[in-house]
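Here is a short briefing to read alongside the model. Please keep the structure open as you go through the topics below.

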Amino acid sequence: MLLSHRIRLEATSEQRDYFARAAGTARKVWNWALAEWQRQTALGQRPDAMKLKKQFNGIKYAHPDWLDAESKPWLRTIHRDAHAQPFAHLQRAWRRYVEQRQAGKKAYPPTFKLKGRCRDSFYIANDKIRFEGKCAVLPKIGEVLLAEVLRLPGKIMGACVSREADHWYLAVQVKLPEQLARLQRQGDGVVGVDLGVSAAAVLSSGEKIAAPRPLRASQRRLRIRSRRHARKLKAAKAGAGITGAIPKGVRLPVSRNRKKDARALARLHAHIMHVRTDFIHKLTTRLCRENQAVAIEDLNVSGMLANHRLARAIADVGFYEIRRQLQYKAQRYNTLLVLADRWYPSSKLCSTCGAHYIGLKLGERNWICACGARHDRDVNAAVNLQRLATGALVARMALPEASHAAMYGTAAGAVPAAGGKVTPVRYEHGQQDGSGQEENGAHLCAPFR
Ligand SMILES: [Zn+2]
């Protein structure tokens, strides 16, 4: 099983300087490769990453673009992984673009990376990184202090250094053998979870778990800091005598104060994200650790985000991330994860008599069924989901042991993205959406375990 551990680096200022240059190199190489790709395509050729890399290797120590002021090749000061990996990434980006377009989905071709507007990151191959206690030994710079030791035993598959606000992080991708990836479950409950906006999660036990809503709490601060930052930009524009949109190719001078504001804003965004991730991790771990089966609704998140009134609240809770984490944690705890398809009317079914209450409106928090049962909308939905979980669990028990393995093999799209990308050991959700679940008349789609 592939897992990734992201660790903050306690880097010295020289190390941070190196990271910034390496990330800059990765960006510049990406842009070069993309420009070359586009140029060759326009000429009717069929570019590919290997050929482009060869072409790049031919010029990287000679072409004036890649020489410093003393006409020395500055690429020699950066480890080669940082400038070799963008080619593989570019290849993958184009492949994904073509695949999505062929599948009739919305697709965007890869774009150029702009300094300050893109993620600063670079790659380190698995044989170039080593861990010694609380230090990581990286190529070219040696030991870097880590905020915590690497917790995952197993084979290191690669690593990626990236920046978030003022800090650099190291994400290490580790391949764990199955028995090491397994975690001990602490309970055998069966739970249905209704993910919502007013409470992040309502359990079938009736428990309501509120999300910290970090974004809402920080909204005021965010507004103040964004405004301050925008004012500096306005001042810079006025200073340069520009009115209206900034013409293409014009770089405004960046004052010290504008830099300072940008950093404060980035720190606030990072803080919001940290609060959110912490909550989601704790919630999903708890659900998988205490239950042998968990059922959630397979929400149509992008559809819900299109509803502007709900979008902020939904994005703030992070539904998508909750589902992603449940999927891989369920595997680790050997918990059965059941995704109810998105047309399963979990909140409209009476959990006592099974009657279908057609007219339920979004605003109705409580309702009374014809059978006399009083329902809290969310708890009722959670109870219905719990039923599904129980059903799926019974079905799994009924299967002979051999088919468990077969179910497992195909479960959760467990094949992680191959190649260098490290940060997310992320399953491709896209494949799951609509794959089979609609034709599958029962309100169950592939049970994950
Ligand atoms: Zn009823």
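A residue counts as buried if 20 or more other C-beta atoms lie within 10 Å of its own, as exposed if 12 or fewer do, and as partly exposed in between. L34 has 20 other C-beta atoms within 10 Å, so L34 is buried. Please bear in mind that this is a predicted model. The protein chain holds 12 helices and 14 strands, and of its 449 residues 29% count as buried.

**Overall contacts**

- Take the contacts in the protein chain with a separation of 6 or more: 70% of them are accounted for by residues 24 or more positions apart.

**L34 and its surroundings**

- L34 has its place in helix α1.
- Leaving aside residues up to four places away in sequence, L34 touches L90, P110 and F112.
- L34 and W94 are 60 residues apart in sequence, and their C-alpha atoms are 9.9 Å apart in space.

**Helix α1 against helix α3**

- Helix α1 covers residues 13-42 and helix α3 residues 80-102; their axes come within 8 Å and cross at roughly 40 degrees.

**Helix α2 against helix α3**

- Helix α2 (residues 49-59) also packs with α3, at an angle of about 155 degrees and with the axes 9 Å apart.
- An angle over 145 degrees counts as roughly antiparallel, so α2 is roughly antiparallel to α3.
- For α2 and α3, the crossing is right-handed.
- A49, L52 and K53 are the α2 residues that meet α3, where they find A84, F87, A88, L90 and Q91.
- By class, the contact of α2 with α3 has six nonpolar, one polar and one charged residues.

**Nonpolar cores**

- As general background, nonpolar side chains tend to be buried together in soluble globular proteins.
- The largest nonpolar core here has 38 residues, and those with the most contacts inside it are V193, A293, V294, A295, V338, L385 and A389.
- At least two residues of this core come from each of β8 (189-195), β9 (201-203), α6 (256-290), β11 (291-297), α9 (319-333), β12 (336-340) and α10 (377-398).
- α10 supplies the largest share of this core, nine residues.
- Which residues does V193 touch, not counting those up to four places away in sequence? They are A201, L203, L287, V294, A295, I296, A382 and L385.
- Another core, of 34 residues, lies apart from it, and A33, L52, V161 and W168 are among its members.

**Residues with positive phi**

- Most residues other than glycine have a negative phi.
- K140 is not a glycine, yet it has a positive phi of about 75 degrees.
- K140 sits in the loop between β4 (135-138) and β5 (142-146), and it counts as partly exposed because it has 16 C-beta neighbours inside 10 Å.
- N334 is not a glycine either, and its phi is positive at about 55 degrees.
- N334 belongs to the loop between α9 and β12, and with 15 other C-beta atoms within 10 Å it is partly exposed.

- L3 lies in strand β1 (residues 2-10) and counts as partly exposed, with 19 C-beta neighbours inside 10 Å.
- L3 and L152 are 149 residues apart along the chain, while their C-alpha atoms are separated by 8.1 Å.
- E14 is found in helix α1; it has 9 C-beta neighbours inside 10 Å, so E14 counts as exposed.
- From E14 to I141 there are 127 residues in sequence and 8.9 Å in space, C-alpha to C-alpha.

Conventions. Residues are numbered from 1 along each chain as its sequence is written. This is a predicted model: local features need pLDDT of at least 70, side-chain atom pairs count only at pLDDT 80 or more; totals for chains, interfaces and linings use all residues. Axes are lines fitted to C-alpha atoms, for helices over the stretch in contact, and angles run from 0 to 180 degrees between N-to-C directions. Helices (H or I, at least four residues) and strands (E, at least two) are DSSP runs, numbered from the N terminus. A nonpolar core is a set of buried Ala, Val, Leu, Ile, Met, Phe, Trp, Tyr and Cys residues joined through C-beta atoms within 7 Å. Two residues are in contact if their C-beta atoms, placed from the backbone, lie within 7 Å. Angles under 35 degrees count as roughly parallel, over 145 as roughly antiparallel, 65 to 115 as roughly perpendicular and the rest as oblique. A crossing is left-handed if the near helix is turned anticlockwise from the far one by less than a right angle, and right-handed if clockwise. Ala, Val, Leu, Ile, Met, Phe, Trp, Tyr, Cys and Pro count as nonpolar, Asp, Glu, Lys and Arg as charged, and the others, Gly among them, as polar.
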